[in-house]
Amino acid sequence: MADKLRNKCLLFKNMNRLIAIRSNARPRLYAQRANSSRAMNVECKQLHDTFDNSIPTDLVIKVGLRSIYVNKFVLQTHSSYFKEVDRFITSEDGQDVIRLDQFSYVTVYTYFKYIYTGEIDLVFLDKKFDLLLMAEKFKDIRLLKSCYEKIKKEVTKENIISVYRTAQTYDNKIVQEYCFKFFIENSTDVINI
């Protein structure tokens, strides 16, 4: 967890450096790293606060009529898929835009929020599987691992059949195998429910 937090903070520092260089402003010195967790938390909160905020943005992700405000630099440094972000961009009303209409707004919002915060706050199981599909499309290994961890933690004796059926619907062999192993290890308890 501390490594993720540290990575997000370093990402924020680099983003500020890039903004300073692009605006020809005198760049601040970044030789000192935030050693205290308090200083790191403040910087990470600043990065978190830039997510979906229209003021410090240079890119809009559109899903249908809804918009999510992001920064190209953050996407380029987080995702190999968006490393060459300019190839996805179109211009709409004078804004740089990427359209992602093949996924639901909730799934897309969660994906980009994850880039900024490392959090997955989806409640419904099917949305977590949608996020897995998006992570696979964007080749985001870190998000894939996080989604699998979150789904596996939620498997219980009470919901194993439901999770297994959802995994079948999404043709997700990894979760199906996990459910099968979970069932084998807890078969007596699962049958008695």
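Leaving aside neighbours within four places in sequence, with which residues is Val 108 in contact? In this predicted model, local features need pLDDT of at least 70 and side-chain atom pairs count only at pLDDT 80 or more, while totals for chains, interfaces and linings use all residues. Residues are numbered from 1 along each chain as its sequence is written, and side-chain values use heavy atoms, with hydrogens and water left out.

With those neighbours set aside, Val 108 is in contact (heavy atoms within 4.5 Å) with Ile 61, Val 63, Ile 68, Leu 100, Phe 103 and Met 134. Val 108 also belongs to the largest nonpolar core, a group of 43 residues in which Ile 61, Phe 82, Val 108, Tyr 111 and Phe 112 touch the most other members. Among the elements that give two or more residues to the core are strands S1 (59-63) and S2 (66-70) and helices H4 (105-117) and H5 (125-137). H4 gives the most, with seven residues. Helices (H or I, at least four residues) and strands (E, at least two) are DSSP runs, numbered from the N terminus.

The strands form an open, mixed sheet of four in the order S2-S1-S4-S3, where pairing requires at least two DSSP bridges between two strands. S2 and S3 (90-92) are the edge strands, each pairing on one side only. S1 and S2 run antiparallel and are joined by five bridges, with Ile 61 standing opposite Ile 68 in S2. H4 lies across S1 and S2, at about 10° to S2; axes are lines fitted to C-alpha atoms, for helices over the stretch in contact, and angles run from 0 to 180 degrees between N-to-C directions.

H4 also packs with H5, at an angle of about 65° and with the axes 9 Å apart. Here Thr 107, Val 108, Thr 110, Tyr 111 and Phe 112 of H4 meet Lys 127, Asp 130, Leu 131 and Met 134 of H5. The residues of this contact comprise five nonpolar, two polar and two charged.

Elsewhere, helix H7 contains Ile 160, which counts as buried because its relative accessibility is 2%. Not counting residues up to four places away in sequence, Ile 160 touches Val 155, Cys 179, Phe 182, Phe 183 and Val 190. The C-alpha atoms of Ile 160 and Phe 182 are separated by 8.1 Å, although these residues are 22 apart along the chain.

Key:
Core = buried A, V, L, I, M, F, W, Y, C linked by side-chain atoms within 4.5 Å. Buried < 20%, exposed > 50% of the residue type's maximum accessible area, 1.4 Å probe, protein only. Nonpolar A, V, L, I, M, F, W, Y, C, P; charged D, E, K, R; others polar.
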